[in-house]
Structure formats: C-alpha cells, structure tokens
Amino acid sequence: MTTSKVNPNDTKPTAADLQRSFLRHLQYTLVRDKYSATKADLYLALAYAVRDVLVDRWLDTQQSYYINDAKRVYYISMEFLMGRTLGNSLINLGIMEEWQTALKQMGIDVEELQEKEWDAGLGNGGLGRLAACFLDSMATMSLPAYGYGIRYEFGMFYQKIIDDAQNEFPDNWLRYGNPWEFDRQEHLHQIKFNGRVTDYVDDHGEKRYAWVDTTDVMALAYDFPVPGYGNETVNTMRLWSAKATRDFELGSFNQGNYIGAVESKMRTENISKVLYPADHMAEGKELRLRQEYFLSSATVQDIFYRFAKKHENLNLLPEKVAIQLNDTHPTLAIPELMRILLDERHVAWDAAWEIAVKTFAYTNHTVLPEALEKWPVQTMEMILPRHLQIIYLINELFMQQVAARFPGDSGRLRRMSIIGEGDGKHVRMAHLAIVGSHSVNGVSALHSNILKDDLFRDFYELWPERFNNKTNGITQRRWLKYSNRWLADLISSNIGDGWVTDLDELKKLIPLAGDREFQQQWIEVKRANKHRLADYILSQNGITVSPDSMFDCQTKRIHEYKRQLLNVLHVITRYNRIKSNPGANFAPRTVIFGGKAAPSYFMAKLIINLINAVADSVNNDPDLNGLLKVVFLGNYNVTLAEIIFPASDLSEQISTAGTEASGTGNMKYSLNGALTIGTLDGANIEIMEEVGRDNIFIFGLTAEQVTGLKKAGYRPQDYYHHNQELKQAVDMIGNGSFSPGNPDLFKPIVDTLLGLDHYLLLADYASYIATQDQVDKLYRQPYEWARTSILNTAGMGKFSSDRTIAEYAREIWGIKPVKVNRHSRQDLH
C-alpha cells in the first residue's frame, strides 16, 4: 500500500502534505476518525507525523557517524529532565509555523495539543536539565554524541500542596505510552549483581578472576531522538529499562511457584521503577547503588558493542570513545570498564588502566562535602564483589603513587584514599572518579576554584593538569525561542535570528537598551507574559495577582543552602512594614515560589509549609490592599518553568556564597529579561561580569567572608538581638503567628536559625533587605527597569550551552562535528 508522508528532503512541506500525514496516523496508527478522536489522539497523531521527519534524519545521522568512523562522546547521567518533546522538535526542525497553519485549517490548535504531552520526569533539578540542554547543543552543533540514562517508570514525584504541606504522588508519566521512544529488543545487556569472585589460571599461566553465582537482570534499550536546530542531525538518548531474565522466571514457573516468579520479576524490574528511591533507609540505599551500577554496566557494554563494529584493537578505545560522567552517580563505569578489559578481554592491568583514564572525564556538581557520594564497603562487597576488588587495587596503586610523590605525609594519604575509614569503611566515589579520569571540571569559575583550593586540593596538587572549568550553559532554543516566543520575535525583528545558534549575537541589543520605543515594546512583551502567568496562578491556586506588580520569583529545588527561608524572612518583613505604614509608597510585589523537597528532607518540607502558611496570612489580609501577594506553585517542572521565566521581573539567586556550584535557573531568568538579586555565588559572579555590576543586585558575604566568619565563631543570636525587624520576623515564625492552630509547628526552623544557622541567613539578612529596597526603587522607574532588563538579556551570550559544549568537545573530548549526509533508502513508510 502506498501512503503519503512528510519528506524531509522537501524544503518546506505544504499544508496538504502535513494534513495527509496527520490523518494517516490518526487512521492507521491510532485507528481513529474525526468522530472518535480525543484531544489525546490528536496529539499522538501529530507526534507520530513529526516523528516521521525525525526518523529519516535519525537514520541518516547514525549512518554518517559509522561511515566517518567518528570519535563519539557518551554522556552518562542519572537524570535527563527533558520536559515536553513535541514543541521542541517542531522548533528545531523548523516546521512549527507550518504545522500551526495546517492544523488551524482543520480547526485544531497546536498549542492545545501540546498541553496533552506529559513532562518526561526523568530528573529532579539542575543536574538533569543541564544534561538535557547539553544534548540539544550537541545535536545542534552536529557532534557525534549519545546520552545514556535510565527509563524510570515513575519520575520525580508529582507534588500537591494539601493543607499547606507538600504531598507526594507517583509521577506515572508513561501511563498513556510515549510516542517518542523506540524499544530496541536487540540491544539487551546482562547486568550481574551479588555472587562471589573465584580465581583461576588461564592457558597462558595468567591469574584470572571470574564473577560467578550472580543474580542477573537484563537492560533493555529505549531510544529517544534528539534533533539539532536547523541542521540534519538527530542524535540519540538511550535509556535503560530493567527486565527479568528468562532463566530467572522459568526456574520458578517450572517449580510451580507462579506467585514467586511474579514477585521475583517485580523485584528485578524495581531497578528502573523510580527516580531517587528513598535512601534514608537501607533498602533504598541499596536500590540506589543497584541503579547506578545498572546504568554504568549497560552503557559500558553498549559502548564496547558499538566500538567492536569497526575496531578490534582495544588500545584505540580512547581515540574513538569519550565518556563523560555527569557527577559521581555513573562512576562505577570506571571499575566496570576495567572488569570487562581484565576479565573478559584479558588485557593486562597497566594497559587497561591507561585506556580507562584516557577515556573517562568527570564533572563535579557540588561544593558541599556532605553531598559527595560514599558507599559502605560492606554494601558494595555484597552487591558488586568484583568491582570492590578492582577498586581496592586501584586504590593500592594510587596510594603508592601518592606516597612516592609526598613521602611521609600520612595525613595526605588518609585524605586522598578512595577508601574512607571514618564512620565505617566506605568508597568515596568522587575520589574514584578523579583517580580514574583524565579531566575533572567544575561548572563555574568560583566552583572550580573551590575544588582546586579546598574540596580536592590534595588531588589538584598531584595532578593540576587534570582540573579545569566549564561554566554551565542553557539552550536558547528552548529557553527563549520556544518558551518566550513573543520576546524571541521582538529580538529577531530588530537584530535578526542569528542568536538562535550564536547567542553572542544578543550583544546587538545593547544600542537598543536606551531606545524608548524599543523599551516600550519590551515592557509590553513582559506584561503579556505576566498576564499568562497570572491566569495560570488564578486557575491553579485560586489567587488573583496583578500583572502590574513585580513578579519576584524563586523556583528551584527546596534546600536550606538555597535559602528560600531568607526570602520568606523578607516577605514577613515587607508584610510588617506595609501593616505599620499603610500610607507609604510601596512597590507592589507578587512573590512566587516553586520547587520540590526530597520526601525525607524534614526541614525543606517544613519550609514549604511555612511559605504556604505565610501566603495564607498575607493573601487574606485586607490591610495590604494588593501591595503583597505570595504564591507557591505546586509541581514545579520544565513546562511550568517555561511559563514562569518569561513572566519574571526579579530572579532570586540567594544561596550562601560558596555553596551553589553554578546554577542554571539564574541564566534562564536573565535570558528572559529578569533582573537578578543574588550573592556572589556560583555563576552569579560571571553573570555580573557579563551584564555589568550596575545591572544586577548583589548582596551579602563573599565565599571568603563566609569562611572567615565561621572560623571566627559565628553567633547568629547577635544578629537576631541587634536587628529589630529580623527579631520580629523570626519571633512571628516561632510564636504561631502563621500557625495559630499549632503554635510550635515552625519551632524547628527558629531553633535552627538561632542555634547553628549553618547557611548564615541572619548574617546576610540586613544586606538582603537593604538591597531589596534598591530593587523597589528601580521598579518604580519602568523605563530604567526595562533598560536594565534589556542589558541583562544582551549580556547572556556566554551562557549558551553551545559555548559550554564547544569547550568540552575541544578541550576534553577531542571530538569534531560530523556533517550528516542524506542517504537514499527504500521508502518504508
């Protein structure tokens, strides 16, 4: 049967072409007609039609990589926060307007259909969204790259606020299927756990090791296409799903134990069930380790499989393969590569180790020592006995190297050992990643300096050449062109659309920053976006907010170091000022929070509770006369972020200096014209350097001052007793003003603030409040605010993930773009 399809070789498909493709999928793929089709069916028909275009380019891309025998990079990450795929694909393929026109003629709204797509919840926050931005950049830059992760059946939990508190529900994002994935039955890898290690002598008299009596799981590949913008490249994100082995099931069935077989299958497949199992319990910790090894082993096996298609000489592996570890979660890939080289390919240790180090590179994402992953030796010995042996030998040889370089320095040996001794023996995953990689990078200039000067100073003194900085970036395709189309159109109509692939082009906005007519257009776009967000807030939260008020936004993971609590202290102070000065000229504000707290993180969840309790008081107080509103938007995700960033006036980036590795939300807000109030932390410093010190609101202690204050003996109660407004705000939290039915509800927050105050909220409070006063002053001058906003967007060129990826490709991976050639293939559609 001959059927029509969208031919990607056509310059632009006609509306009739697109409509035929759409109707074909509605009828033949979904078995629906215009009478029985639901909105979800219409979304799927559109997704399948767009997928046809992707598939043609996808196959061409993979063929081009093989023909060119290109060196490829494999980006391994436990998280990929992709968001929705449909809109991003339409933008990158350059067919958004064509589809809007074609479906409009049929009485169908593309934007409405996009709302039917569930966010791919394969990540929690910045780490996973960074990985997604990187995939977009790698495809846009035609780099031969693969993303590897886990196909979690349930993503990050669905957050609902009930009685002011966070409640977690399953995020069943795959409930209705996923039109963007392709299962690859032929890519099935065996993953081993538990068992024991035996040794034997091979035919050549060499001592070898065998990992036997294991419990096995199969890793099944699911592939997702990742299209580049304005080119022919479609790269692959491959996600692994855990499946029971046939032998495992048959054994129980043959014994007549059907229930046992089903239970064992479910236990086996738990590995890819949920992102971030609750790891405050032993079972959750063990599952987390199994997840990390499952991802690492399946990916390394897959890399060997692909390498072997063209090459037999394993010494060539580093010339054809670069593996980037996105944080320590996939670090077990290092001993897994060693295990395969040693035990299966019988490569000598020294040669195998040289291959490994040349192949791996490690990105660190935290400056908090307590956040560095450690695994109990006892747990690893039970689950991965062979890998523990290999890690011990890596460490033994490494310790010899350190001792030779720094003789007699036992303290250094103890600090640098991969095996930590305190609190029970444990494997320090960051140390293993550093020792087993040729490159170690931080993700902002400040962060990378902290790694060298403090966190990993001993390693830097041993291997200074391994350490480098790669400041994070974001993809402007999603975070401006797609999510803020009104602003994107305004920019392109004035300076052209070169910025979509070269963000430095935004510098051309600088001469327009003082132009009153352009400022007015800028203000109108912002106002339209604020109306959109205000409508969302009304529909979801039942709160009416004014688009004339300043939209003051802090949306990110809820954590004490990110200091949402400092923001709350400002809200309470502002509330008290308005109440006590009813006639004063306050700039109206809507303070918007969003973010999830880890289910077992008591203090973070209590902070969410406090935010909502304060909101209840503020929003229902008639004395405020609309001058202050507080909103907590539930279930913050990529799709919600795409509504918030374009509407934001002020971006709260207020972490304690020296705690945030980089931040990427700060970049997304600035790209969309929000002004930043922030500390000199993470990438805030570099944003300040790019937009100018006069165009950003900086407050608080520097990282050096934080360290100095802690060393001198920080006494939070001194600040509490010497600042009346601070004391009043803290007392209101503690005395039940916001929880009259349970006066002691927020007492743990007050105890923390007046006791340790680890993140120095009280020390930074006065500076923060004074700087917020400066924000108010500027907001009362709308054209001056608009000028500053334009300069913020204009200064964002450096923060494209394209720039970040170009640096990785050139300085770490050694890979080059590969032009994708169209190949003539039999039409199978």
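Q: In what order do three strands form an open sheet here, and is the pairing parallel or antiparallel?
A: Strands of a sheet pair through backbone hydrogen bonds, either parallel or antiparallel. In this predicted model, local features need pLDDT of at least 70 and side-chain atom pairs count only at pLDDT 80 or more, whereas totals for chains, interfaces and linings use all residues. Residues are numbered from 1 along each chain as its sequence is written, and side-chain values use heavy atoms, with hydrogens and water left out. The three strands follow the order 14-16-15, with antiparallel pairing; helices (H or I, at least four residues) and strands (E, at least two) are DSSP runs, numbered from the N terminus, and two strands pair if DSSP finds at least two bridges between them. Strand 14 (374–376) and strand 15 (419–420) are the edge strands, each with a single partner strand, so one side of each is left without a neighbour in the sheet. Strand 15 pairs with strand 16 (residues 426–428) in the antiparallel sense over two bridges, and Ile419 stands opposite Val427 in strand 16.

Q: In what sense do strand 5 and strand 6 pair, and what is the phi of Asp163 in the turn?
A: Most residues other than glycine have a negative phi, and most peptide bonds are trans. Strand 5 (residues 158–162) and strand 6 (residues 165–169) pair in the antiparallel sense over five bridges, with Ala165 of strand 6 as the bridge partner of Ile162. The two strands make a hairpin with two residues between them, and Asp163 in the turn has a positive phi of about 50°.

Q: Where is Asp213 found, and is Asp213 buried or exposed?
A: Asp213 is found in the loop between strand 9 (207–212) and strand 10 (215–227), where its phi is positive, about 55°, although Asp213 is not a glycine. With a relative accessible area of 55%, Asp213 is exposed; buried means under 20% relative accessible area, exposed over 50%, and partly exposed in between (1.4 Å probe, protein chains only). Asn635, in the loop between strand 21 and helix 24, also has a positive phi, near 55°, but Asn635 is buried, at a relative accessible area of 10%.

Q: How many of the residues of strand 21 are buried, and which way do they point?
A: In a regular strand the side chains alternate between the two faces of the sheet. Leu628, Val630 and Phe632 point one way from strand 21, while Lys629, Val631 and Leu633 point the other way. Six of the six residues of strand 21 (residues 628–633) are buried, so the strand is largely enclosed by the rest of the structure.

Q: Through which helix does the chain cross from strand 20 to strand 21?
A: Strand 20 (residues 589–594) pairs with strand 21 in the parallel sense over six bridges, with Arg589 opposite Leu628. The chain crosses between them through helix 23 (residues 602–619), and this β-α-β crossover is right-handed, meaning that, with the strands pointing away from the viewer, the path from the first strand over the helix to the second runs clockwise. Helix 23 is mostly covered, with 14 of its 18 residues buried. The end C-alpha atoms of helix 23 are 26 Å apart, which agrees with the 26 Å that 18 residues should span at 1.5 Å a residue (the expected span is 1.5 Å times one less than the number of residues).

Q: How many aromatic pairs does a search of the whole structure find?
A: The search finds 20, where rings of Phe, Tyr and Trp (its six-membered ring) pair if their centres lie within 6.5 Å, and planes under 30 degrees apart count as stacked, over 60 as edge-to-face and the rest as tilted. Among them, Phe193 and Tyr293 form an edge-to-face pair, 5.7 Å centre to centre with 80° between the planes. This pair links distant parts of the chain, since Phe193 belongs to strand 7 (residues 182–193) and Tyr293 to helix 9 (residues 282–308), 100 residues apart; Phe193 and Tyr293 are both buried. Trp479 and Phe645 form another edge-to-face pair, 5.4 Å centre to centre with 80° between the planes. Trp479 lies in helix 19 (residues 476–482) and Phe645 in helix 24 (residues 638–647), so the pair ties together parts that are 166 residues apart in sequence. Trp479 is buried at a relative accessible area of 1%, and Phe645 counts as buried at 3%.
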